[in-house]
Amino acid sequence: MFRSKLRNFSRYGCIAFATVFLILAAIPVISSASEPVVSVDFEDGTTSGFDVRGTPAEREDNGTGILSVSTDVARSGQYSLLITDRKKDWNGIAFNIAPYIKANVEYEISFWVHAKSPDSSTFMLSTQITEFGPPWNNMLDNRVAISVSQGWVELSATRTYSQDNIDTGFVIVYVENSSNDGEFYVDDFSVTPVGGGAAWDPLTEPITRNMILPSGDLPEVLQGFDFEFWREGDGGGEMQITGPGTFWCNWTNAYNILFRSGKKLGSVMSYTEYGDIIIDYKASHYIQEGSVSYLTAYGWTRNPLVEWYVVEQHGSYRPGGELLDIVEIDGSNYEIRIDTRIEQPSIEGTQTFLQIFSIRQDHRTQGVITLSEHFKIWEDLGLDVSGNLYEVSMCVEGFRSTGSGSISRLVLTIGDEVFVGEPLDQPPPLETLAPPVFEPDPDPDPDPDPDPSNPIETPPDDEPGGGGFPEWAIYLSIGGVAAIALVIVLIRNKKK
């Protein structure tokens, strides 16, 4: 009888065990490894969207502090971010992570900090909701004492934010220092989902808020080009990446909005050091009569600071100021115009800088722009464009307008390197991007100040929702049923 029971147990038990094993083996492995949704190392030579925490009243009164990219010390590479001239201990180095995170996902937030002065002080990693708070909360149990001799010290904490938090448009994380006038550096800032949390998919979810997407932070199929969405003031828009260097976009009643793709070059060489710089592109640009909008090659140089445009198509408003000359480049006449921006936002904060415009007379939406020839002509006209190139990009811009557009092919030749961008799938037809009826501003601002480097945070649109019963839970439920079946087999076997 014992042997009979053993045989029955072996027969039925092995079947049930095998069933459980096969079901559990089918459960997908959920990796705990995650890629950061934000990763900043300042190697592009800019402040990368960071700001000094403080209220408008403080800024108007005596300032909140000065941020600058420094080569004094760096945890990785050669650059870090330095804060000086602080007035209060809460005037810390701050970053708005609202555009990059999803609701109810736990994130690890990490700053590497290096004290400069005084020799020793205490630091705190904190967060606040809304632009100027409250609410604000310390993310560490205690302040951390850091001395100059310690070098780089990591401050990190985990945090989960609600959809209501994100919908304010301002989820600020910042490092503050107990000394009102203390100076310190930060480097290698990151925000990473914990345990493989949900990540934003740039190929399926449009960008609707201010965001810079470096090539290295994108999926491999999109790498080679950097993307940027920038919006200031009222209105809204969206940008859908369609492939390396390509996208479509639309906007509605936007005060000022820019969509662009290209290369952030890090401000390390001048145009002459790169050699030939050529843009071969194909685009669409839907604009209504009277709208202020440009399809343009775009970028900046540093030392000296210059914002430059090669405008291929524009609405009824012609950009630029003083006319210097009309020259022929790439088979068309271009007006060369300049304007001076006085104490306006730039990639180096509030500065006075030169704007240069080459404006094509016969508009087009595809062709070849020999950008290095424009730089040479600007230089021949006495304009100082000897600075280091910060970026080369193609851009669709709108100002006080509604419109749509796309970049459906982008080939950049920068010296000996060629970057080829094409959609992974067919982009939507132009008519699907057509904007609603819109009455343009009868008296548009003649100086729209399109500055993509000083993002002004705006309330985000709703994040795509989730929901449903998770697949892994279904597998576990089936496994539980199989386990119950095994118990039933054993009970029946015992009765026999």
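I began at Arg86 and found that the backbone oxygen of N177 lies 3.2 Å from a polar atom of the R86 side chain. I note at the outset that the model is predicted.

**Entry on R86.** I looked up where R86 sits, and it lies in the loop between β4 (80-84) and β5 (93-96). Its side chain also reaches the backbone oxygen of S179, at 2.7 Å. Which side chain of opposite charge is nearest to R86? I found that it is D89, 6.0 Å away. R86 therefore has no salt bridge to D89, as a salt bridge needs the charged atoms within 4 Å. Leaving aside neighbours within four places in sequence, I listed its contacts: T64, G65, N91, N177, S179, N180, D181, G182 and F184.

**Entry on H285.** Is H285 buried or exposed? H285 counts as buried because its relative accessible area is 10%, and the cut-off for buried is under 20%. I found two polar contacts from its side chain: one with the side chain of S293 at 2.8 Å, and one with the side chain of Q313 at 2.6 Å. Not counting residues up to four places away in sequence, H285 touches S293, Y294, L295, Q313, T365, V396, S404 and G405.

**Entry on cis peptide bonds.** I checked omega at two prolines. A cis peptide bond joins S117 and P118, with omega about -5 degrees. P118 lies in the loop between β6 (106-117) and β7 (120-129). Another cis peptide bond joins N303 and P304, with omega about 5 degrees. I placed P304 in the loop between β18 (292-302) and β19 (306-314). I noted for comparison that most peptide bonds are trans.

**Entry on positive phi.** I then looked at phi, bearing in mind that most residues other than glycine have a negative value. N303 has a positive phi near 60 degrees and is not a glycine. N303 is in the loop between β18 and β19, and it is exposed, with a relative accessible area of 63%. R400, also not a glycine, has a positive phi of about 50 degrees. I located R400 in strand β25 (residues 391-414), where it is partly exposed at a relative accessible area of 27%.

**Entry on helix α5.** Which residues of helix α5 (residues 371-380) are buried? I recorded L371, S372, H374, F375, I377 and W378. After α5 comes G382, whose phi is positive, near 90 degrees.

**Entry on a surface patch.** I found a nonpolar surface patch of about 230 Å², made by L203, V221 and L424. V221 is in the loop between β13 (211-213) and β14 (226-232). V221 is partly exposed, with a relative accessible area of 48%.

**Entry on the whole chain.** The protein chain has 6 helices and 26 strands. Of its 496 residues, 50% count as buried. Among contacts between residues at least 6 apart in sequence, 73% join residues at least 24 apart. I noted an accessible surface of about 22,300 Å², of which 52% belongs to carbon and sulfur atoms.

Conventions:
Residues numbered from 1 in each chain as written. Predicted model: local features only at pLDDT ≥ 70, side-chain atom pairs only at ≥ 80, totals over all residues. Heavy atoms only, no water. Helix = DSSP H or I, 4+ residues; strand = E, 2+ residues; numbered from the N terminus. Buried < 20%, exposed > 50% of the residue type's maximum accessible area, 1.4 Å probe, protein only. Lys, Arg positive; Asp, Glu negative; His and termini not counted. Polar contact = N/O pair within 3.5 Å; in protein donor to acceptor, adjacent residues only side chain to side chain. Contact = heavy atoms within 4.5 Å. Patch = residues over 30% accessible without salt bridge, like charges linked within 9 Å, V, L, I, M, F, W, Y side chains within 5 Å. Areas by Shrake-Rupley, 256 points an atom, 1.4 Å probe, with all protein chains shown as cover.
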